[in-house]
Amino acid sequence: MKRQFPLIIIFSCGLFMVVQYFVPHEKSEFFYEFIALDWPPIIGVFALMLGVISLTRVSITRIRRKTEAWRYSIVTLIGLFVMSAFGVIGHHYPPLSTAFDWSFNNIMIPISATMFSLLAFFIASAAYRAFRARSVLASILLVAAIIVMMRFFPLGPLTSVVGKTSDWILNVPNLAAKRAILIGVGLGIVSTAMKVVLGIERSYLGKD
Amino acid sequence: MRTTHCWICIAATVFICCVLSLSAAAQVDEPHSDTLIVDSTTIIVEPPPAPISNLQVVDLPNDHGHAFHLTWNISADDLGGRNNVLQYRILRTPGWAGPLTEPQGDGPQWRNEQGTWWHLVEGVWDTIASIPAGTAEYFNRGGKAREGNDYSPDDVGFSFKILSVGTGGAVSESAIFGPVESSGQWYHTGKTWVVLAVLIFGGLMLTMVRLARGGRELYIRPLAGINAVDEAIGRATEMGRPILYVLGLGAPDEIATIASFTILSRVAKKVAEYQTELIVPCYDSIVMTIAQETVKQAYIDAGRVDDYNEDMVYFVTQNQFAYVAAVNGVMLRRQTATNFYLGVFYAESLILAETGSLAGSIQISGTDRVTQLPFFVVACDYTLIGEELYAASAYLGREPILLGTLKAQDYAKALLLVAMVIGVIAGILNLGWLTDYFALNI
Amino acid sequence: MTEQNSRKNIFERMFAIDRRWVYGFLMLAVVLSVIAKPVIPIPISKEARSIYDYMNSLSDGDYIHLAMDYDPSTLAELHPMTRAVLKQCFEKKIKVIITALHQNGPGMAAEAIDTACQRHFELTGYRPESGKDWVFLGYKPYPILIILGMGQNYRIPFPNDYYNVPLDSLPMMKGIRNYQNIKAVINISGTSATDWWITYGNGRYQVPLAIGVTGVMATDYYPYLQTGQIFGILGGLQGAAEYETLVGTPGKAVEGMSVQVVAHSIIIIFIIVGNIGYFATRKKNRVGL
Amino acid sequence: MDFATAIATTVAAVLTLCIFSFLYKDNPFYKFTEHLVVGVSAGYWVSILYVNVAIPNIWQKLLAGKWWYLIPAFLGVLMWTRIVKRWAWISRYPLAFYLGIATGVAIPLEMQTKVLEQIFGTVQSFVALHNSQTDFWAGINTVVVVIGIITSLVYFFFSKEHKGATGGIAKVGIWTLMIGFGASFGYTVMARISLLIERVQFLIDDWLLKLFS
């Protein structure tokens, strides 16, 4: 009941989806269209809400236990509830949806857009102090990288030479390397999926 | 008096009938009105283009039905001759006629969601498409839902003809082709390679996992990185400085994280033997719990359970940059001799590697995130690239599922390699009959 | 310790400086070049041109699907692509079906569409209308199943559009069932959504696919280009700048590329100087391993 | 710039600067904005799920009399049993349903697109050479690509030790891989800097210049 049935469900759903791929007939499309593709997003609404619930729970625990930086958890909670209120109530009471859009455009966009721009600085610093041609392999990598980085530089007569070399790098050795990696990744995904469907891999079910 | 009534009634009936039939024509037979206009405007300004020839219609193969594939040779006056073809109009019969207010006749008919009736009529030509000149192929794909206005039933004989519409409006008709029936297929013949590949690979995997579980010795080549691990621990002992092990930002069920646990167990065992200090800061609390178990077990195996200290493995924070800042602090403060970064890494990879290289630590890294590998390669002393991480873990841990999967993938790669070499040789020699097999026709 | 210090050569001392100096240097360079706005010519790659040519070969009233699967964190690279593609569609009167399968994306996508419509209005005096010239479907969870669902029928995952108008009541969606009715999918993404479009959109339904991705991802998709699984790549800010140039409205991406030249030069110089220092230092105290 | 826009842009700019302050060191301003965005994005997600999924895909369908949509909704509610440890096993049912579908659909398609089409594409690139007028270098490049793929695949082959001929082949393979990584490296640098440029463009063009003009 606790383990066997879920494994049976996974196996039968998985097997159906594999077989359906090879069977174009209309009759095979009923389950595919009306259940397999239609229901999971609905389940997803509830499943994804779990993330929000767990965020709330963690924040409240932090505040209650007054752990380090607990005050910031209050900020998270306020952000969460004010934003959801704007959105959910705003749907039924349009004036609030302006506040929702405002918060999205002026709080969420600038912060998310800036967060990863910090990496530009980290790359510059690492370029100076850590990216070393410490072996033949690292040297090949760095030379290829520098050529690719210079591909759009206005270098006068050299522009087309650098451009062509970097095109060659992208379309020949890069293609070969990435295709070899891709084949490995593909086999990896297929084997993981097979293990799940066949019930060899069960860690996602958790412990009893 | 009575006669007047009679006349009024007749006039009203005629009027209503006219309105109804006109509105019906306007609603449904829009395409037909096109053909009608064409017929009525055959005031010859210029002669019509030559008709198309060799119209062929087949049921579209490998589909769910409701579709036909049309091919033909374009008109002699298209892209040549008088060059006066404007478009091709594709006509089909029988058509579904309607909407009607009530069922009519004995033929097949149904009622749609709006409550109107449709029925099948022989001899009514429906214009199903108008396509630009120069085209020699058309897919007539109908809907499968009976309620839809584009419904095209299976197992009903349809005939087709194509009108070549000239620039002056004159048309010429092709010969009629048909009838043909559409139907769905139970097996997609273009996907046979995929069936074979899935079956072969699945079989390989089941066999290998079973063999590994049965304790069969499966060979995996030693990886240079594993020797580097031992050397690095030795060096840390000589210098009397601690070892840092970072498990990455991955969830506990990701393969890279699982692989990292196996390597951690090996490192912890060596560390216990050499009596060096180990620091494992964690990003995820569940990862931390598993890591604690792993390290403790390693100390027990090494017979040094007394040296084990819970604080070696600790949770930092689940926040990318804050986590990195904390780990950087540890590296600089404790002057770690060796840093291991094995698992799932994102943008933080280069920040970690930079700080470690500044602190003068030996760094061994490994991840399956391809985008982070370049940074590890240029900033670390040894890097396990992608699958090498899994291989290292399978080599050290001999965990049957991991080992069996790795072996199965290896054999699959070997098969693919052989197939590719055969295909390439056939390609170089231009052996069409052989290279034709190296394609999916989906 | 003092003895050690005196033996430090110039490079060792240079690397010992605080990293904040490096940060400041980069920031200064970027700020100055953003203010100065130099202009560099943008060479057009064949990966970008093939997308432009394909779109240009479409006729009035053809449909394309623009999948904006990114969130604000990668907007710098991807927004200019979206704007350029939308501009081309509106000019060519190509009808656009838009989805945003990243949970933080739909608001941003809606805003981008609005801006594109406004620009088109300023240029031509006509404002492209929702439901007539474009339709924005918005977000649903589990992108893989949504991509597959749209391959069967757009109405399975999206009974309504983003503004909660039923799809069947939109004039543009009349007769549009699935990918068979559209000419191409242009996927602009900063996540694995690109892989899903290739595997599930193109792999299962053979819909012609082109991608616009962040620089981090760009090089990984060249194998698919050669097999024909995708017909074009816009890679990062450079790809965006190329497309802006192609559609004839150089904007933020083209401006950004000249700043890139400055920043890239700095990083290349850093790598070279750093390595000279590394080799100079290494000769002096060679340690094994 | 009107007053409301000025306020809005200033808020955005200040938050941007708060994040940049991390470069100096981890500080309360950075922590504040960081925690704020975690909350706000979660809240945004709640609204999107409610307005864009719950209403059209569940509520309106139920209102239209399609009662069977109660089944997936019920399965969804079962996911919430995870919150209570004792009932957590119930959530395995909806999870199994979803996982079965998602993994099942992946098996043939991943095999097709990432494995078979790649091998076939390599072979077909040679066929294409015969069918079209290509120059000498295109032919050479096609051969180089194949050599690169074969050698890289051999590098990731773990059943044979890298000694002798295998070792030599694997070495060519790892060189190919390194050139590929070099290309990624170059593009990644561009990507990271793009984000910074956009932010600086925002701070200077959209905020400072407009505020003081």
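These are my entries, beginning with the ground rules.

**Ground rules.** I am working with a predicted model, where local features need pLDDT of at least 70, side-chain atom pairs count only at pLDDT 80 or more, and totals for chains, interfaces and linings use all residues. Residues are numbered from 1 along each chain as its sequence is written, while chains are lettered from A and ligands numbered from 1 in the order in which they are written.

**Chain A, domains.** I looked up how chain A is divided, and I found domain 1 (4-115) and domain 2 (118-171). Such bounds come from an automatic or database domain assignment. I noted 40 Å between the C-alpha centres of the two domains of chain A.

**Chain A, two helices.** Next I picked helix α4 (residues 70-92) and helix α5 (residues 95-115) of chain A, whose axes lie 7 Å apart at an angle of about 140 degrees. I reminded myself that helices (H or I, at least four residues) and strands (E, at least two) are DSSP runs, numbered from the N terminus. Axes are lines fitted to C-alpha atoms, for helices over the stretch in contact, and angles run from 0 to 180 degrees between N-to-C directions. The angle makes α4(A) oblique to α5(A); under 35 degrees would count as roughly parallel, over 145 as roughly antiparallel, 65 to 115 as roughly perpendicular, and the rest is oblique.

Which residues of α4(A) meet α5(A)? I listed Met83(A), Phe86(A), Gly87(A), Ile89(A), Gly90(A) and His91(A). From α5(A), their partners include Leu96(A), Phe100(A) and Ser103(A). Contact here asks for C-beta atoms, placed from the backbone, within 7 Å. I sorted the residues of this contact into 6 nonpolar, 5 polar and no charged. For the classes, Ala, Val, Leu, Ile, Met, Phe, Trp, Tyr, Cys and Pro count as nonpolar, Asp, Glu, Lys and Arg as charged, and the others, Gly among them, as polar.

**Chain C, a sheet.** I moved to chain C and traced an open sheet of 6 strands in the order β3-β2-β1-β4-β5-β6, with parallel pairing. Strands pair if DSSP finds at least two bridges between them. At the edges I found β3 (134-138) and β6 (233-235) of chain C, each pairing on one side only. Helix α5 (residues 75-92) of chain C lies across β1, β2, β4, β5 and β6 of that chain, at about 155 degrees to β4(C).

**Chain B, another sheet.** Here I traced 3 strands in the order β1-β2-β8, an open sheet with antiparallel pairing. I counted 5 bridges joining β2 (residues 67-73) to β8 in chain B, and Phe68(B) stands opposite Asn140(B).

**Where chains meet.** How many residues does chain D give to its contact with chain A? I noted 93 from chain D and 99 from chain A. On the chain D side, α2(D) supplies the largest share, 23 residues, and the classes there are 65 nonpolar, 20 polar and 8 charged.

Conventions. Contact = placed C-beta atoms within 7 Å.
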